[in-house]
Amino acid sequence: MIAEIEVIESKFHTIIQGNPRLGYKSFGVPESGPVDPFTAVLANLLLDNDPYAPLLEITQGGFEFLVHKNTYIAISGADLNATLIRGNKSFAIPIGISVKLLDKDRIVFNGSNRGFRCWCAFCGGIDVVPILSSTSTLETSNLGGIFGRRLLKGDVFKVKNDTQPKNKILLPLLNIENKEIVCLRVVKGSQYDKFSKDDVDKFFNNSYIVLSSSNRIGIRLSCADKKIKPVSGFNILSDPSPLGAVQITTDGKPIILLQDRGTVGGYPKIATVIKADLIKVAQLKPYQLVNFKLVSIEDAINEYYNVLKLMKKSILEINVNFIVDYMRLLREYDISYFRYNFKIFNFLLRRD
């Protein structure tokens with residue numbers, strides 16, 4: 001009775017990610033895992049899964065799957081306009097609740113309403129074999145997931161169980177910012193002091209545009225104002241490349257290194273994006289504008305623990321009486337926060 005999932009369409013980039021692959025950087029193998037490890041964990045927690053159970057990381061949309069046998073899913077991250085198609089009816093799927101799927105249901109991720117990446121978890125997680133102690137896909141080495149690559153039309157995978165999860169909702173405490181320019185907070189990189197003061201000022205005072213060649217290896221950037229001379233890049237002896245490092249290539253273009261990066265490199269690192277801001281990095285889309293703000297290591301650590309605290313408060317277990325009371329309050333008071341959850345609660349009331 002365990003469900004199978006058949007991929008009907010995969011236009012852009014959808015990939016299976018799970019726990020990080022730790023302990024192999026000295027062999028040139030990066031950790032992989034979801035680009036935003038915080039938000040991905042929340043999708044699993046909505047289904048009572050292990051926090052790092054394998055799930056789908058869907059970039060941009062253009063993905064569709066067919067369900068064989070009943071199961072449950074939960075989505076976190078960007079609103080990629082997910083739609084449930086059941087017979088001749090269709091329903092918009094809210095972000096942040098568990099949704100029961102029936103045999104022959106189809107789920108379509110049409111495209112981005114807001115943000116760039118979402119995570120879709122299944123009951124118990126996706127059933128894939130760990131490689132080097134991780135289920136995460138690393139495309140550059142064909143490790144993990146299904147054949148070590150992104151999902152393609154015709155792929156089939158199983159989920160691990162069909163256990164009904166508790167009624168939970170995801171509160172919007174880790175909201176995706178929808179600003180014209182995304183500010184990423186950074187600490188000094190390992191070669192920060194090797195850059196001239198003029199180049200450091202240039203780096204922090206200018207905005208950059210996200211290039212379409214960006215991927216899970218790195219976010220490639222170019223100076224938004226073509227009239228400004230780029231930061232002077234140079235070569236160094238290869239040294240470790242941490243997650244979030246901002247390296248400057250010899251032609252002066254910054255690259256933010258992500259989960260599938262090379263573990264060492266010969267470009268200088270002027271900064272490192274703080275871990276809490278990986279939530280923002282995961283949602284950067286082509287032609288998005290970005291700038292950088294220098295913070296202290298103490299601030300970076302504090303922000304990391306703030307995110308962990310918000311994660312703990314984000315998942316709320318509810319019952320039918322709670323929902324009925326909530327709906328009553330919505331009718332009595334015009335509060336935008338209540339309106340946010342109205343569709344979610346309506347969906348939960350008729351879920352089972």
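Predicted model: local features only at pLDDT ≥ 70, side-chain atom pairs only at ≥ 80, totals over all residues.

Biologist: Okay, let's start with N44. Buried or exposed?

Modeller: N44 counts as buried, because its relative accessibility is 1%.

Biologist: Which helix does N44 lie in?

Modeller: N44 is in helix α1, residues 37-46. Helices here are DSSP runs of H or I with at least four residues, strands are runs of E with at least two, and both are numbered from the N terminus.

Biologist: And what does N44 touch?

Modeller: Leaving out residues up to four places away in sequence, N44 touches N49, D50, P51, Y52, A53, L55 and A121. Contact means heavy atoms within 4.5 Å.

Biologist: Staying with α1, how do α1 and α4 cross?

Modeller: The axes of α1 and α4 (residues 297-314) come within 11 Å and cross at roughly 15°. Axes are lines fitted to C-alpha atoms, for helices over the stretch in contact, and angles run from 0 to 180 degrees between N-to-C directions. So α1 and α4 are roughly parallel to each other; angles under 35 degrees get that label, over 145 is roughly antiparallel, 65 to 115 roughly perpendicular, and the rest oblique.

Biologist: Which residues of α1 and α4 meet?

Modeller: From α1 you have F38, V41 and L42, and they meet Y304, V307, L308, M311 and S314 in α4.

Biologist: New topic, sheets. What's the strand order in the open sheet of 6 strands?

Modeller: The order is β7-β6-β9-β4-β1-β11, with antiparallel pairing. At the edges sit β7 (89-92) and β11 (156-158), each pairing on one side only. Two strands pair if DSSP finds at least two bridges between them.

Biologist: How many bridges join β4 to β9?

Modeller: There are 4 bridges between β4 (residues 63-68) and β9 (residues 106-109), and the two strands run antiparallel. F63 stands opposite F109 in β9. F63 also belongs to a cluster linked by ring pairs, together with F65, F122 and F157.

Biologist: Speaking of rings, how many aromatic pairs does the structure hold?

Modeller: It holds 10 aromatic pairs. Rings of Phe, Tyr and Trp (its six-membered ring) pair if their centres lie within 6.5 Å; planes under 30 degrees apart count as stacked, over 60 as edge-to-face, and the rest as tilted. Take F195 and F234: their ring centres are 5.1 Å apart and the planes are at 50°, so that pair is tilted. F195 lies in the loop between β13 (181-188) and α2 (197-205), and F234 in the loop between β15 (218-223) and β16 (239-240), so the pair ties together parts 39 residues apart in sequence.

Biologist: Are F195 and F234 buried or partly exposed?

Modeller: F195 counts as buried because its relative accessibility is 7%, while F234, at 25%, counts as partly exposed. F203 and F292 make a stacked pair, 4.7 Å centre to centre with 15° between the planes. F203 is in helix α2 and F292 in strand β21 (residues 289-294), 89 residues apart, and both are buried.

Note on methods: Residues numbered from 1 in each chain as written. Heavy atoms only, no water. Buried < 20%, exposed > 50% of the residue type's maximum accessible area, 1.4 Å probe, protein only.
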